[in-house]
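Welcome! Please take a moment to look over the sequence and the model shown here, and then let us walk through them together.

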Amino acid sequence: MAVARRAAVFLPLALATLGLVGCEAAQGSAVAAEGEGDFDIVVLPDTQYYTANHPEILRAQTDWIIRARARDNIALVADEGDIVDADEPAQWERAAGSLRRLDGLVPYVLSAGNHDYQRTGSLISRETLMSSYFPVQDFEPYAWFKGTFEMARIENSFAIVPAPGGPWLIMSLEFGPRDVVLAWANTVIKQHASLPVILVTHAYLYSDGTRYDHRKRPDQLWNPHVYLDDRVPGAVNDGEEIWQKLVAGNSNVRFVLCGHDLEDGTGHLTSVRPDGTIVHQILANYQMNNLGGGGYLRIMRFHPNERRVDIRTYSPFTDRYRTDAENQFSLSY
């Protein structure tokens, strides 16, 4: 059973002491860690227009992460895909020039979006320069990096990151993942059944708080089945198919993070699995804002002792927060 939750049920954060009013408010810096047992996960929504036209914005994001990593106890950076706007060397060089500054400082996972692949006519292929600029072997020395689906390709990977309260398994999957990829992910997740899981994939949730579903929702724009050749069964899976084949059967998957849908840029769905466990599925994509997104990223502040995560939306480029209910809320897990 799936229960859609929109802005009305989001629990706004108590930031009154900072004097925040309205959708956006200027800030001096991100709020420092308020508890010794707390930690952050920083989520980077679609950065494609930064690498195409505004590389200084992606640099501002990674600069801020590096400065804040110790103060805010940043355990992970999760990239939601569409790292570049086109699969070409110049854009990948800009992306790597910023993101690889995190190497050895903060664990990070990359998710491939539709723009990260080569285009062949009206469709995209599974070919990409992504692994040329983020080679698997460069991640292998890090203890948190645990492997990939294909030996020399980074777009399907998993990590186990240490954090207060215990480690988390992070699973990053390709755009419209194939059946064989979902089967691999299912095996990995079940092998680590004692660990809570965060799944990151580019296209999963639509901005109306429903999963992408090409069979029942032809009105949804930008379904993965539109981009990839799906004539072979199992060659492409959208959000509903990922739910049925992977998420619904694994009770330790606590969160699914995605980007892609740009109509409203935000969305949230809390679903109840047959065994009664819940999973929060969260969409963030700001690419249609000024300057290709304005530098907004998501800060997920975890409070393990309270089993709560506070989600804030902040731009290190403009030093502003978005404080409306779709961009600032709390969830229990």
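## A covered strand

Strand β10 (residues 168-173) is mostly covered, with six of its six residues buried. Buried here means under 20% relative accessible area, exposed means over 50%, and partly exposed is in between, using a 1.4 Å probe and protein chains only. Helices (H or I, at least four residues) and strands (E, at least two) are DSSP runs, numbered from the N terminus. In a regular strand the side chains alternate between the two faces of the sheet. Both faces of β10 are covered: Trp168, Ile170 and Ser172 are buried on one side, and Leu169, Met171 and Leu173 are buried on the other.

Before going further, a word on the source: this is a predicted model, in which local features need pLDDT of at least 70 and side-chain atom pairs count only at pLDDT 80 or more, while totals for chains, interfaces and linings use all residues. Residues are numbered from 1 along each chain as its sequence is written, and side-chain values use heavy atoms, with hydrogens and water left out.

## The partners of β10

Which strands pair with β10? One is β9, which pairs with β10 in the antiparallel sense over five bridges; two strands pair if DSSP finds at least two bridges between them. Within this pairing, Ile160 has Leu169 of β10 as its bridge partner. The two strands form a hairpin with six residues between them, and Gly165 in the turn has a positive phi of about 90°.

Another is strand β11 (residues 197-201), which runs parallel to β10 and is joined to β10 by five bridges. Here Ser172 has Val200 in β11 as its bridge partner. Between the two strands the chain passes through α6, and this β-α-β crossover is right-handed. A crossover is right-handed if, with the strands pointing away from the viewer, the path from the first strand over the helix to the second runs clockwise.

## The chain as a whole

Stepping back, the chain has eight helices and 18 strands. Of its 333 residues, 58% are buried. Contact means heavy atoms within 4.5 Å. Among contacts between residues at least 6 apart in sequence, 71% join residues at least 24 apart.

The accessible surface comes to about 12800 Å², and 53% of that belongs to carbon and sulfur atoms. These areas come from the Shrake-Rupley method with a 1.4 Å probe; for residues, only the protein chains shown count as cover.

## A second hairpin

Strand β13 (residues 266-272) is also worth a look: six of its seven residues are buried. β13 pairs with strand β14 (residues 278-284) in the antiparallel sense over seven bridges, and Gly267 has Leu283 in β14 as its bridge partner. Five residues lie between the strands of this hairpin, where Gly276 takes a positive phi near 95°.

## Aromatic rings

The structure holds 20 aromatic pairs. Rings of Phe, Tyr and Trp (its six-membered ring) pair if their centres lie within 6.5 Å; planes under 30 degrees apart count as stacked, over 60 as edge-to-face and the rest as tilted. Phe149 and Trp184 are a tilted pair because their ring centres are 5.8 Å apart and their planes are at 55°. The pair links distant parts of the chain, 35 residues apart: Phe149 is in the loop between β8 (145-148) and β9 (157-161), and Trp184 is in helix α6 (residues 179-191). Phe149 is partly exposed, at 26% relative accessibility, whereas Trp184 is buried, at 15%.

Ring pairs also link Phe39, Trp168, Phe255, Phe302 and Tyr333 into a cluster. Charges meet rings too: Arg211 lies over the face of Trp243, at 4.2 Å from the ring centre, and Arg322 lies over the face of Tyr296, at 5.5 Å. A charge sits over a ring if NZ of Lys or CZ of Arg is within 6 Å of the ring centre and within 35 degrees of the ring normal.

## Residues in loops

Most residues other than glycine have a negative phi, and most peptide bonds are trans. Asn73, however, has a positive phi near 55°. Asn73 sits in the loop between α2 (55-68) and β4 (74-79) and is partly exposed, at 31% relative accessibility. Arg307 is not a glycine either, yet has a positive phi of about 55°. Arg307 is in the loop between β15 (297-303) and β16 (308-315), and is partly exposed with a relative accessible area of 40%.

Leaving aside neighbours within four places in sequence, Gly292 is in contact with Tyr49, Tyr50, Tyr286 and Gln287.
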